[in-house]
Amino acid sequence: TIQPTVQPTIQPTVQPTIQPTVQPTIQPTIKPTIKPTIQPTIKPTIKPATFLFKKTLSPLKKVKTYDVLLKRKGKFIKVGSGLSIGEAKRVGERVTKKTLGRTFKIQEAGVKEISKVDEDYNLNEDVFRRYIVRKGKRIDVPNMFIQKTKFALSSPEEKREIAIAKRRAKEINNLINIKL
């Protein structure tokens, strides 16, 4: 009988495992923070130059000034005063276009020093007329301007005034018709 020959068995050699060396952690030493001492800064008192802050307007001129009067419910009410003639026309036009009043006039108010002089403003002749009609005749009226009928009630502000007037009339009518 033949017997197998056994060669020497190889046993693996175990090498020792390497363990890391632990070094102690270094903690920084905390030094107390130094707070800087704050000294108030001394601001020099310098007065601002007044010529830098004044409005740079044109020099004052002595001109005639005008008041703007708007006709409401048969009476003239002052809506602007102390204006040059051009500014007075502009204010009158603006107010007339935005309210139910169709007539405005300009009256002299005196003499005043004004920096903004606007004398070249011309009203739109298509929108305003400068005469009144009496017994079928045209009578020229200086410094009175009447909005033409076809341009009346054209702005939203005018339509709003009409709606408010209707509401007031309805409320008054309801108060009168209440039976006790």
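Are Phe104 and Phe145 buried or exposed? Phe104 is buried, and Phe145 is buried as well; buried means under 20% relative accessible area, exposed over 50%, and partly exposed in between, with a 1.4 Å probe and protein chains only.

## Basis of the model

This is a predicted model, in which local features need pLDDT of at least 70 and side-chain atom pairs count only at pLDDT 80 or more, while totals for chains, interfaces and linings use all residues. Residues are numbered from 1 along each chain as its sequence is written, and side-chain values use heavy atoms, with hydrogens and water left out.

## Nonpolar core

In soluble globular proteins, nonpolar side chains tend to be buried together. A nonpolar core is here a set of buried Ala, Val, Leu, Ile, Met, Phe, Trp, Tyr and Cys residues joined through side-chain atoms within 4.5 Å. The largest such core has 13 residues, and those touching the most other members are Val68, Ala88, Phe104, Ile106, Leu123, Phe128 and Phe145. Two or more residues of this core come from each of strand E1 (61-72), helix H2 (85-98) and strand E3 (103-114). E1 gives the most, with three residues. Helices (H or I, at least four residues) and strands (E, at least two) are DSSP runs, numbered from the N terminus.

## Aromatic cluster

Rings of Phe, Tyr and Trp (its six-membered ring) pair if their centres lie within 6.5 Å; planes under 30 degrees apart count as stacked, over 60 as edge-to-face and the rest as tilted. Two aromatic pairs are found in a search of the whole structure. The pair of Phe104 and Phe128 is edge-to-face, because the ring centres are 5.8 Å apart and the planes stand at 85°. Phe104 is in strand E3 and Phe128 in strand E4, 24 residues apart, and the pair links distant parts of the chain. Relative accessible area is 0% for Phe104, which is therefore buried; at 2%, Phe128 also counts as buried.

Phe104 also forms a stacked pair with Phe145, 5.0 Å centre to centre and with 25° between the planes. Phe145 lies in strand E7 and Phe104 in strand E3, so this pair ties together parts 41 residues apart in sequence. Through these ring pairs, Phe104, Phe128 and Phe145 are linked into a cluster.

## Helix H2

H2 has 14 residues, which at 1.5 Å a residue should span 20 Å; its end C-alpha atoms are 20 Å apart, in agreement. The expected span is 1.5 Å times one less than the number of residues. The buried residues of H2 are Gly86, Glu87, Ala88, Lys89, Val91, Gly92, Glu93 and Thr96.

These buried residues pack against E1, strand E2 (75-83), E3, strand E4 (128-129), strand E7 (144-147) and helix H3 (156-176). Contact means heavy atoms within 4.5 Å. Not counting residues up to four places away in sequence, Ala88 touches Tyr66, Val68, Leu83, Phe104 and Ile106.

## Lysines in loops

Lys73 is in the loop between E1 and E2. This residue has a positive phi of about 55° although it is not a glycine, and at 82% relative accessibility Lys73 counts as exposed.

Lys135 is in the loop between strand E5 (131-134) and strand E6 (137-140). Lys135 has a positive phi of about 55°, again without being a glycine, and counts as exposed at 86% relative accessibility.

## Charges over rings

A charge sits over a ring if NZ of Lys or CZ of Arg is within 6 Å of the ring centre and within 35 degrees of the ring normal. Lys105 lies over the face of Phe76, at 4.4 Å from the ring centre. The charged end of Arg129 is over the ring of Tyr131, 5.2 Å from its centre.
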